[in-house]
Amino acid sequence: MRAARLIKMVLLLQSRPSMTAAELARELEVSERTITRDAQALSEAGVPVYADRGRTGGYRLIGGYRTRLTGLARSEAEALFLSGLPGALREMGLDDAASAARLKVSAALLPSLRDASDTAAQRFHLDAPGWYQEPKTPKLLPTIAEAVWDDRMITGRYRRGHDREVERELAPYGLVLKAGVWYLCARSGGDFRVYRIDRFASVVVSDERFVRDESFVLPEFWEERAADFARSILRSEVVVRLSEAGARQLPYAVDRAAATEALAVAGPPDELGRITVTLPVESYDVAFGQLFSLGPELEVMEPPDLRERFAEAAARTARLYDQEATTGRGARG
C-alpha cells in the first residue's frame with residue numbers, strides 16, 4: 001500500500017512543477033504529516049525530492065529527475081481508452097486503473113504537453129445515459145467486466161420473461177452501454193448473442209480462457225445486431241392518420257427507423273393535409289403509450305380495439321377538462 005502511494009507521489013511531482021503538502025495529501029488521501037514522512041523516505045531511497053520552505057513553498061523534484069515507473073499495465077492501458085466515460089469506468093470497477101493510467105501518461109509527457117488531458121476534458125464529454133431516467137448499475141457488471149477483460153468463460157443464470165431462468169455457458173466478448181443500459185455480447189456455442197446484464201441472476205467466472213475469433217469486431221456486430229433487434233420486436237401493425245405536425249413528431253414518439261420507413265411509403269395527403277401510415281409497433285399496449293403523446297395530431301384507424309381505446313381515453317380527458325371548467329378548478333385568476 002505504501003509502496004504504491006510513494007510511486008504515485010513521485011509521478012505527481014514529475015507531472016507538475018511543484019505541489020504543496022496539502023495538495024499532495026488531498027491527492028493521496030493521507031495527512032500532511034504522512035506526506036512529510038513519505039518525502040523523507042523517497043529522499044533516503046535516492047529520489048531527489050526537495051522541500052521549499054515558506055508560504056509559497058512545496059515539494060518538487062530536482063535535477064531533471066525522470067522516473068522509469070511510467071510503464072502502463074494492461075488493465076490501465078485498456079481503461080485509458082475509456083477515460084471519456086467516467087461513469088462507465090466506475091460501474092465496471094475500473095476507475096482506479098484509469099486514474100493511475102492518466103497519471104502515468106501525464107508524468108511521461110513533455111512539460112509543454114501536460115495540460116493536454118485538461119484541455120481535452122474541457123472540450124469533450126460523453127454522457128451515455130438517456131434523459132429522464134435514473135441509471136442503475138447491475139450488481140454483476142464488475143464480475144462480467146473482469147471476465148471480458150481476461151477472456152474467461154462464464155456460466156450464468158439468465159432470466160427469460162418474468163419467472164423463467166436458463167443456464168448458459170458463455171464466452172464474453174464485449175460490453176456495450178446503450179442509453180444507460182448495459183449489454184453483454186457473447187458467444188454461446190457457435191453463435192454470438194446479446195444479453196442484458198441486469199437480467200443475469202448469477203454469474204460464475206471460470207479459470208478457463210477462450211480464444212477470441214479474430215473476425216469479431218464489436219462495433220460492427222453491435223450495429224448489425226441492434227438493428228436486427230429493433231426490427232424483431234416490432235411484431236404488430238397499426239394504421240394511423242397524421243396531421244402535418246403529427247408526421248413531424250412521429251419519429252420522436254416511436255422507433256425512429258420504423259417511423260421514417262413508414263412515412264417514406266405513405267400515400268399522398270388528403271384534402272385536410274393528413275396522411276395515412278401503416279406503422280410497425282412492438283405491441284398495442286406499447287403503441288398506446290407512445291402514440292397517445294401526439295394527442296390530436298394523430299388518429300388511430302386500425303385495429304378497432306386500439307382505436308376504441310384511444311377514443312375512450314380522449315373522452316375521459318375531455319370530461320376531465322369539462323369538469324374543471326364547470327367547477328372553476330381549471331380557471332386561472
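Colleague: Where is the place of Pro303?

Modeller: In this predicted model, Pro303 sits in the loop that links β10 to α13.

Colleague: What makes the peptide bond from Glu302 to Pro303 cis?

Modeller: Its omega is near 0°. Most peptide bonds are trans.

Colleague: Why is Phe216 called buried?

Modeller: Its relative accessibility is 15%. Buried means under 20%. Phe216 therefore counts as buried.

Colleague: Where is the place of Phe216, and which residues is Phe216 in contact with beyond four places in sequence?

Modeller: Phe216 belongs to the loop between β7 (200-209) and α9 (218-232). Its contacts, leaving aside neighbours within four places in sequence, are Tyr173, Cys185, Phe192 and Phe221. Contact here means heavy atoms within 4.5 Å.

Colleague: How many residues apart in sequence are Phe216 and Phe192, and how far apart in space?

Modeller: They are 24 residues apart in sequence. From C-alpha to C-alpha, the distance is 9.4 Å.

Colleague: What is the phi of Glu29, and what is that of Asp151?

Modeller: Glu29 has a positive phi of about 60° and is not a glycine. Asp151 has a positive phi of about 55°, and is not a glycine either. Most residues other than glycine have a negative phi.

Colleague: Now the sheet. In what order do the three strands of the open sheet come?

Modeller: The order is β9-β8-β10, with antiparallel pairing.

Colleague: What makes a strand of this sheet an edge strand?

Modeller: An edge strand pairs on one side only. That holds for β9 (275-281) and for β10 (298-302). Direction ignored, neighbouring strands are turned by 35° against each other on average.

Colleague: How do you know that β8 and β9 pair?

Modeller: Pairing needs at least two bridges. Strand β8 (residues 236-242) and β9 have seven, in the antiparallel sense, so they pair.

Colleague: Which strands does helix α11 touch? And which does α12 touch?

Modeller: Helix α11 (residues 256-264) packs on the sheet and touches β8 and β9. Its direction makes about 145° with that of β9. Helix α12 (residues 284-291) also packs on the sheet, touching β8, β9 and β10. Its direction makes about 25° with that of β8.

Colleague: How many residues does the largest nonpolar core have?

Modeller: It has 22. Those with the most contacts inside it include Val238, Val240, Leu250 and Leu279. Elements giving two or more residues include β8, α10 (244-253) and α13 (304-327). The largest share, four residues, comes from β9.

Colleague: Which residues is Leu250 in contact with, neighbours within four places in sequence left aside?

Modeller: Leu242, Ala259, Leu263, Leu279, Leu291 and Leu294.

Colleague: How many residues are in the second core?

Modeller: That separate core has 18 residues, among them Ala147, Ile154, Leu184 and Val203.

Note on methods. Residues numbered from 1 in each chain as written. Predicted model: local features only at pLDDT ≥ 70, side-chain atom pairs only at ≥ 80, totals over all residues. Heavy atoms only, no water. Buried < 20%, exposed > 50% of the residue type's maximum accessible area, 1.4 Å probe, protein only. Axes fitted to C-alpha atoms, helices over the stretch in contact; angles between N-to-C directions. Core = buried A, V, L, I, M, F, W, Y, C linked by side-chain atoms within 4.5 Å.
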